[in-house]
Amino acid sequence: MTPTEHAPHYLSLPDARTVTTQAVRAAGHALDNALREQTMMCLTADPGVGKTFTLHTLCQQRPTLSALRLLPRTQARPDDLRHSLHHALDLPGDPPQDAGICDDYLRHALEQPPRLLAVDEAHQLSASCIEYLRYLHDDPVPQVTILLLASRPRLKALRSQPALLSRVTTWHHMESLAADEVFTVLPRFHPLWQNTHHNTLARLDDMWAHGNLRRWAALTHQLQAHLRRRPDQSPDPTALLRRLHPTLAPSA
């Protein structure tokens, strides 16, 4: 992950813009504290709130931050993390087969500059991989802050690891959009919502999105598809939502 990467919008949504929400600002403040102290932090949220998107956004907003993102497969082994780090650091050649030699290369590469090591879907990490992260964290040579991203429903898997409980200094939970924040965020998020009445936004959020940006992105995508099929018609978002999801309960 480099500072010049663009944050990937869900469904590669055309015309979508990055909006710094209250949740993103709070996560940024927590991350800055972790970076200053070079400690371990866990960022959690319900599915669809935007953990990974927030990570990309925070890295974009901190162009001097040297960040590495790992996405381990389920039940990955420490060797998998070693090899992923070797490639993420753009080290020459193939990773050494000898774990000790590979670790020496990684330790040297992580010595300068200070780096952020972000592990997405961290709840999938095996106990041996968590132990390897503890090794990197405790080693005095690497200057690395470790950020674990995990879905809140899977947080129990991380909290059950003693190696993390004693080292993660911040368990930061990202909240969904507050009801009043929908009115300011959605018009900035996408042009389709710029002239939408607050009552309509509130009704859609109550019926469907519940402050979840992934759900708002999906609905925006469906509206765009409708406009491409019928460019002469301005769709009613509520009617379209009911047609797509007929089992939805009416809003309060």
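Helices (H or I, at least four residues) and strands (E, at least two residues) are DSSP runs, numbered from the N terminus. The structure is a predicted model, in which local features need pLDDT of at least 70 and side-chain atom pairs count only at pLDDT 80 or more, whereas totals for chains, interfaces and linings use all residues. Residues are numbered from 1 along each chain as its sequence is written, and side-chain values use heavy atoms, with hydrogens and water left out.

Strands of a sheet pair through backbone hydrogen bonds, either parallel or antiparallel. In this model, five strands form an open sheet with parallel pairing, in the order E2-E3-E4-E1-E5; two strands pair if DSSP finds at least two bridges between them. Strand E2 (66-70) and strand E5 (168-174) are the edge strands, each pairing on one side only. On average, neighbouring strands of this sheet are turned by 20° against each other, direction ignored. Strand E1 (residues 40-45) and strand E4 (residues 144-151) run parallel and are joined by six bridges; Met40 has Ile146 of E4 as its bridge partner.

Helix H1 lies across E1, strand E3 (115-119), E4 and E5, and runs at about 170° to E5. Axes are lines fitted to C-alpha atoms, for helices over the stretch in contact, and angles run from 0 to 180 degrees between N-to-C directions. Gln38, in the loop between H1 and E1, has a phi near 50°, a positive value in a residue other than glycine. A cis peptide bond links Gln112 to Pro113, with omega near -10°; Pro113 lies in the loop between helix H4 (99-109) and E3.

The axes of H10 and helix H11 (residues 237-244) come within 11 Å and cross at roughly 100°. H10 and H11 are therefore roughly perpendicular to each other, a term for angles of 65 to 115 degrees. In their contact (heavy atoms within 4.5 Å), H10 contributes Leu219, Gln222, Leu223 and His226, and H11 contributes Pro237, Leu240, Leu241, Arg243 and Leu244.

The largest pocket has a volume of about 610 Å³. A pocket is an open set of points on a 1 Å grid over the protein atoms alone, where a 1.4 Å probe fits, with protein on both sides within 12 Å along at least five of seven lines; lining residues have an atom within 4 Å of a point. Grid points are joined across faces, edges and corners, and the volume is the space filled by probe spheres set on the points. Of the 33 residues lining the largest pocket, Gly48, Val49, Gly50, Lys51 and Phe53 are the closest to its centre. H2 gives the most to this lining, with four residues.

Key: Angles under 35 degrees count as roughly parallel, over 145 as roughly antiparallel, 65 to 115 as roughly perpendicular and the rest as oblique.
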